[in-house]
Amino acid sequence: VTPRLLLCHAAGTTVHGFPGYEPTATLPSVPDVLDGAGGANTAAVRVDLEPGTKERYSGGGTTILQLLLTEVTGKPFPQVLQEWVLAPAGMTDSAFDQPPRPERASHAARAHLANGATAAARWHVYPELAAAGLWTTPRDLSLLAIEVWRARRGESDRLLTAESAKLMTAPAGIGSFALGFEMQDRGNDATGEVWYFSHSGGNWGFRSLLVVDREHGHGFAAMINGSDFNPLLEVQRRIVQAYEWKGDFTKPPRNWPIDH
């Protein structure tokens, strides 16, 4: 298992995602989450496939990277991400506060469940910061995407080198993920390859979607405080139609694994 394989979800690690905890709950430590102990509400994260043989999305693997970063730097994960990512990208309305600080909580959206129903809790909280702990906005996600795109073109090094940005926006060779982003080839036999880098998000009562044309830089970021992902796909459909995006968005990208 290597960081590269963890980043492209091909390390063979288990646990797809995390349901979060009630805001008043005592949160398990990250090592406890990885061992499924200490009050963790998910199973232990383990390697049960030969690394490098298959893509399988694993928030558990991303949590291993979270622990790695804190051990190597000797700093809390929120501080590392503030210094390395949020500040350089200009993401001033983003933070890994779990639970959110009062000033953020006062204007944060409330989670909604099936059929728009509300629950007793306004949201869940997550010790799995790298996989599920970011509070952000569509504007800030767009700023991140712009910096990645500009770095890939050699136009900015505020956040990434061109080499790193290219690794983040090209399939890693195992499935549809690059080192972080999911890659979508929306081309066909007539157009050839038409690449978009993207990522979706799904926490308890929230959904999000980021899609960016790798070559031309146009894209969108959308977020809802609900559990149904379909409205975001409708946003995508209308944007693609209105702005005449290149590529086929009527069916799954042709590079996606059959069991995606």
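The buried residues of helix H3 pack against helix H1 (3-7), H2, helix H4 (77-89) and helix H6 (129-132). The model is predicted.

Me: Which residues of H3 are buried?
Reply: Buried residues are those under 20% relative accessible area. In H3 they are Gly59, Gly60, Gly61, Thr62, Thr63, Leu65, Gln66 and Leu67.

Me: What is the distance between the end C-alpha atoms of H3, and what should the helix span?
Reply: H3 has 15 residues, and at 1.5 Å a residue these should span 21 Å. The expected span agrees with the distance between the end C-alpha atoms, which is also 21 Å.

Me: Which residue follows H3, and what is its phi?
Reply: The residue after H3 is a glycine, Gly74. The phi of Gly74 is positive, near 75°.

Me: How many salt bridges does a search of the whole structure find?
Reply: Side chains of opposite charge can pair when their charged atoms come close. A nitrogen of Lys or Arg has to lie within 4 Å of a carboxyl oxygen of Asp or Glu to count. Searched on the whole structure, the number of salt bridges is 15.

Me: Where in the chain do Asp35 and Arg46 lie?
Reply: Asp35 and Arg46 form a salt bridge, with the closest N and O atoms 3.0 Å apart. The pair links distant parts of the chain, eleven residues apart. Asp35 lies in helix H2 (residues 30-35), and Arg46 in the loop between H2 and helix H3 (59-73).

Me: Is Asp35 buried, partly exposed or exposed, and what of Arg46?
Reply: The relative accessible area of Asp35 is 43%, and that of Arg46 is 44%.

Me: What is the N to O distance in the salt bridge of Glu155 and Arg153?
Reply: Glu155 is partly exposed at 40% relative accessibility, and Arg153 is partly exposed at 45%. Their side chains meet in a salt bridge, with an N to O distance of 2.9 Å.

Conventions: Residues are numbered from 1 along each chain as its sequence is written. This is a predicted model: local features need pLDDT of at least 70, side-chain atom pairs count only at pLDDT 80 or more; totals for chains, interfaces and linings use all residues. Side-chain values use heavy atoms; hydrogens and water are left out. Helices (H or I, at least four residues) and strands (E, at least two) are DSSP runs, numbered from the N terminus. Buried means under 20% relative accessible area, exposed over 50%, partly exposed in between (1.4 Å probe, protein chains only). The expected span of a helix is 1.5 Å times one less than its number of residues. Contact means heavy atoms within 4.5 Å.
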